[in-house]
Amino acid sequence: PPPSSISPPDKDAVDGQICALSRQKRLVVGEYRGRKNVSLREYYEKDGKWLPGKKGISLAPEQWSILRDSIQGVNARVAAVSDGSYPQG
């Protein structure tokens with residue numbers, strides 16, 4: 001199951017990190033160019049520091065609200081695809 005709270009800090013954590021989905025993929029809440037966002041992004045390591053890469057998506061608070069409110073439907077669809085009850089194609 002997904003974590004229900006903020007991950008404990010680790011040596012590879014970046015500012016604003018909520019969780020690491022893998023060593024490189026991070027969920028981060030922060031600000032970029034003065035705008036608050038929720039970012040799901042790949043990071044890369046350079047000179048011992050983790051930096052955000054180009055691959056990823058940043059959501060404005062309004063977009064995050066839409067996604068957050070859709071999670072139950074996403075979970076249901078993932079379960080249906082996993083058990084073969086949702087038609088593929």
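In what order do the four strands form an open sheet? In this predicted model, the order is 1-2-3-4, and the pairing is antiparallel. Strands (E, at least two residues) and helices (H or I, at least four) are DSSP runs, numbered from the N terminus. Two strands count as paired if DSSP finds at least two bridges between them. Strand 1 (17-20) and strand 4 (49-59) lie at the edges with a single partner strand each, so one side of each has no neighbour in the sheet. Neighbouring strands are turned against each other by 35° on average, direction ignored. Axes are lines fitted to C-alpha atoms, for helices over the stretch in contact; angles run from 0 to 180 degrees between N-to-C directions.

Residues are numbered from 1 along each chain as its sequence is written. The model is predicted: local features need pLDDT of at least 70, side-chain atom pairs count only at pLDDT 80 or more, and totals for chains, interfaces and linings use all residues, while side-chain values use heavy atoms, without hydrogens and water.

Strand 2 (residues 25-32) pairs with strand 3 (residues 35-46) over eight bridges, in the antiparallel sense. Glu31 stands opposite Lys36 of strand 3. Val29 has Val38 as its bridge partner in strand 3. The two strands form a hairpin with two residues between them, and Arg33 in the turn has a positive phi of about 55°.

Strand 3 and strand 4 also pair in the antiparallel sense, over eight bridges. Here Arg41 has Gly56 of strand 4 as its bridge partner. This hairpin, too, has two residues between its strands; Asp47 in the turn has a positive phi of about 55°.
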